[in-house]
Amino acid sequence: MAAYPDYIGYFGLKDAPFRLSPDPDFFFPAAPHIAAKEVLKFAIERGEGFMVLIGPAGTGKTLILRLILEGLAPDKVPAVVVSPTVNPSGLLRLILDEMGCPYDGDGDDLGLLLKQFQAAVLDLASKGKELFIVVDEAQNLPLDTIEQLRLLSNIETDRRKLLQILLIGQPELDVILQSPQLGQLAQRIVVREELRPFTRQEMGAYINFRFAKVGRADITLAPRALSRLYRASYGIPRLINKIMDRAFLIASSRGRHMIYDEDIKVAQETLPIPEMTHLRWGWHQKAMILASGCFLLMMFIWTIFKVIRP
Ligand SMILES: Nc1ncnc2c1ncn2[C@@H]1O[C@H](COP(=O)(O)OP(=O)(O)OP(=O)(O)O)[C@@H](O)[C@H]1O
Ligand SMILES: [Mg+2]
């Protein structure tokens, strides 16, 4: 493929509008994102013990986390773990590192790690602070590590809990949290927020918002291009960004000053985009809905008939 020109300069943009990194400056307040952010912020302020944020890949969970961390009260000390395929002692090590008190024992002695962890948490409490543990990509946590987290959450004084836990993960996490080996963990989850892909309307507004952010609110996408983008991305923000970024490159390489349906089509064809049919209604779901609709209509007509001619 021909070398692409620098599309940021070409389109006169202040920045790349569709980067893949979760940048709080580019936060678009779609309804589920606002709800998740506000509910979790409130729960953290109230000192809730266990919280969960679920959402399919690329829907904005890490972005919400960044926004929450930005607005965290000074008495909450965050320990964010992002690569959690670790055993219980590995997790404790990661948390201690995040707290700025690396493990000072030899090997992986779980008892020693727990002792040091408890001392560090009590030390925070004596300074009027509280630990806020976050595990991102928590669907990768082994069961015994989740169980360890549950045990950690029992550390409390007579009067209050000393730490809070937020698990963030893809929908598999829900299933994992229900597993019988985890005892009553599901019952202890006080707050569970969920993100979903954008609706078509939300996606249109999201794209306009990002255009405006980089100083080109005048760029628009034709309805056909929007429809194609929605079909190709399933409304998932990360996929929208990927396709739009590529579409900008393609449009600029062809000397265009707008993004056309054709640019989205070529972008879609040149990018590896996973099939996510479960996010779309298949014909059998549509057929079920149609059949239920017909049944209800027949019941309605039958009832009316009975009332008129009993
Ligand atoms: N409400 C939003 N406003 C602006 N950008 C968003 C929004 N939601 C998601 N994005 C963008 O979508 C991309 C993916 O977001 P993010 O990395 O937070 O997803 P994720 O749910 O954590 O995915 P994964 O499960 O793969 O970790 C990022 O570029 C992010 O900025
Ligand atoms: Mg993420």
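Let's call a residue buried if 20 or more other C-beta atoms lie within 10 Å of its own, exposed if 12 or fewer do, and partly exposed in between, with the C-beta atoms placed from the backbone. By that count, 29% of the 310 residues in the chain are buried. Bear in mind that this is a predicted model: local features need pLDDT of at least 70, side-chain atom pairs count only at pLDDT 80 or more, and totals for chains, interfaces and linings use all residues. Residues are numbered from 1 along each chain as its sequence is written, while chains are lettered from A and ligands numbered from 1 in the order in which they are written.

Start with the overall build. The chain has 13 helices and five strands, read as DSSP runs numbered from the N terminus (H or I, at least four residues, for helices; E, at least two, for strands). Its radius of gyration is 25 Å, well over the 19 Å that the globule rule gives for 310 residues, so the chain is more spread out than a compact globule. That radius is taken over C-alpha atoms, and the rule is 2.2 Å times the number of residues to the power 0.38. Along the principal axes, the C-alpha atoms fill a box of roughly 75 × 65 × 30 Å.

Now for the domains, whose bounds come from an automatic or database domain assignment. The chain gets domain 1 (7-23 + 198-277), domain 2 (31-194) and domain 3 (280-308). Taken over C-alpha atoms, the centres of domain 2 and domain 3 are 46 Å apart.

Where does ligand 1 lie? Domain 1 and domain 2 both give residues to the shell around ligand 1, so it lies between them. A residue is near the ligand if its C-beta atom, placed from the backbone, lies within 6 Å of it. Of the 21 residues around ligand 1, Phe-28, Gly-60, Lys-61, Thr-62 and Pro-237 come nearest. Helix H3 (61-70) and helix H11 (237-253) are the elements that give two or more residues to this shell.

Finally, two single residues. Lys-14 sits in the loop between helix H1 (7-11) and helix H2 (31-45), and it is exposed because 10 other C-beta atoms lie within 10 Å. Lys-14 touches Val-214 and Gly-215, not counting residues up to four places away in sequence; contact here puts the two C-beta atoms, placed from the backbone, within 7 Å. Ala-186, in helix H8 (residues 185-188), counts as partly exposed, with 14 C-beta neighbours inside 10 Å.
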